[in-house]
Amino acid sequence: MSSVGFVMLCHTALDRAAEVARHWAERECPVVIHVDKRVSARANAWLQSTLSDLPNIRFSKRHKCEWGTWSLVAASQTASEVMLAEFPKVRHVYLASGSCLPLRPVEELKEYLAARPHTDFIESVTTQDVEWTVGGLNSERFLFRFPFSWKRHRFLFDRYVELQRTLGLKREMPEGLVPHLGSQWWCLTRQTLSAILQDPARKAHDAFFKLVWIPDESYYQTLARVYSRQMESRSLTLSKFDFQGKPHVFYDDHLHLLRRSDCFVARKAWPRANRLYETFLRADQPGSQMAEPAPGKIDRVFAKALERRTRGRAGLYMHSRFPNLDWENGKTCARYSVFQGFNDLFEDFEPWLSRRLGARVHGNLFDPVRARFAGDTDVYAGCLSSAAKLRDYNPQHFLTSLIWNTRGERQVFQFSPRDNQKIGWFLSSDSNAQISGITGAWAVPLFLSNRDFGEIRKEAAMMQKREVEFLNILRSVKTRADVRIWSLAEFVEEPMENLQSILDAMDGPSAPRLTEAPRMANLDGFGQFLQNLKNQGMQPFVIGDFPATTQGLQTKPGDNRPYLVKK
């Protein structure tokens, strides 16, 4: 039976690396360990002493390793050379890290490889086929030089890439090589690995790849294409990455998920995942009856995790996306309704609408004095305070929190030009918002206020300016809300029909017909009031063509629906 040897690259959690190395070595699998030079001499000595009783474990020359640099390839080369020289019976060499965890009995891996004695298992795809590279530089990683560390010297790294692009500098691949990319974790036959390491052109190959970005994902992947007799472009190691290109860490609650994958090794396991290590490293671990490794079995779970992390739940703002603009999955989590001008035109509109909907209806949530929650409470769902200062610190998140904390119950609130207008764009761009407005309704409270007319005229001009700005937002091509707008003159002509259309949109086709109307404010003399505004230079054009004289609301014989009689 052909044997397999493991090359382990270790830099942290050496106690767990020692457990895994012992697990393999005790089952007649040679292990060569490379310990990062940044690990203290004391820790390295402890690891060597801990494993000194095992005759088939060796330690290679140490390199100071850094992500994305040649040092990782050099470490694997050095350890692989020790493996080939010290253990001539090894026919497959399996590259692993100190955080890797065996998922299946070693005997199954031996049998699997014995049935495929000439097969190399290494992910190797052309740069045109790679879509998973995060940060780009698929082909440029081979064309440019990368002498600076991406992590330690990011400024120099970026400027040097820009310089090479500007000057049009390009490198030529060594003769006979076609660039390929793939996972760092491979299992190569002795023949292929020795051919790579003993190639007469190795000096030229190494010199070229030393200046390639992230060469551990391209060096073996490119050269294996030259020497492999039979290649399967896949890794036997389960290694999953998030949307930022960082590897997923497996915890104890991933136990059943890892078993389902049928992979031989997983990277990377959390060092404190005691249940994982105890389960998979025990001697009587059950086998998988030679099942084919199938990481795709759990891809759906990772896809859902990726979607949850990047998109999240609709209307829920969380750490993984905040404060990135437009990363939210929907601005709010549920439908809600906004009424502008209705509580100016109708008396006790909120209680009437609450009875009609069978739900709580808020007043002006963005009132400059305080948030007018239903019931006039100081604190509402989710411990939202009615204090204007707290609300105005972030009006958008105040609203999204309200909708989220009351999901399952449709929220309805009033809005006015008198309110904080910063929420305007948010309301307009939210597809969950239903906005119904009566333009110019703000003039009714001014008409009834009995204040000095100069003050009324000044405030009317300010209200109209604010309302026009909000209307322009609602008419924007970016508007996603369901918007219904009437002028005051249009609405008072057929108030029942207009109210019915709003409620139909909220309740759907099953909405019952209105039999009760809210009491409208007494508008006797309102037309003359508007004329007075015009006479003093204030043109209230958003109100519409309101009649100069009215006799208020009347009812037709046998019909209790109100309407406006024009004179």
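I looked up H23 and, leaving aside neighbours within four places in sequence, found it in contact with P102, V106, F280 and L281 (contact means heavy atoms within 4.5 Å). This is a predicted model, where local features need pLDDT of at least 70, side-chain atom pairs count only at pLDDT 80 or more, and totals for chains, interfaces and linings use all residues. Residues are numbered from 1 along each chain as its sequence is written, and side-chain values use heavy atoms, with hydrogens and water left out.

I placed H23 in helix α1, residues 14-25 (helices are DSSP runs of H or I, at least four residues, numbered from the N terminus). H23 counts as buried because its relative accessibility is 5% (buried means under 20% relative accessible area, 1.4 Å probe, protein chains only).

Next I took helix α8 (residues 202-209) and helix α9 (residues 219-227). Their axes come within 11 Å and cross at roughly 150 degrees (axes are lines fitted to C-alpha atoms over the stretch in contact, angles running from 0 to 180 degrees between N-to-C directions). The two are therefore roughly antiparallel (angles over 145 degrees). From α8, R202, H205, D206 and F209 meet Y219, T222, L223 and Y227 of α9.

Last, I checked the whole protein chain. I noted 22 helices and 20 strands (strands are DSSP runs of E, at least two residues). The C-alpha trace spans about 110 × 60 × 45 Å along its principal axes. Of the 567 residues, 51% count as buried. Among contacts between residues at least 6 apart in sequence, 73% join residues at least 24 apart.

Conventions
Buried means under 20% relative accessible area, exposed over 50%, partly exposed in between (1.4 Å probe, protein chains only). Angles under 35 degrees count as roughly parallel, over 145 as roughly antiparallel, 65 to 115 as roughly perpendicular and the rest as oblique.
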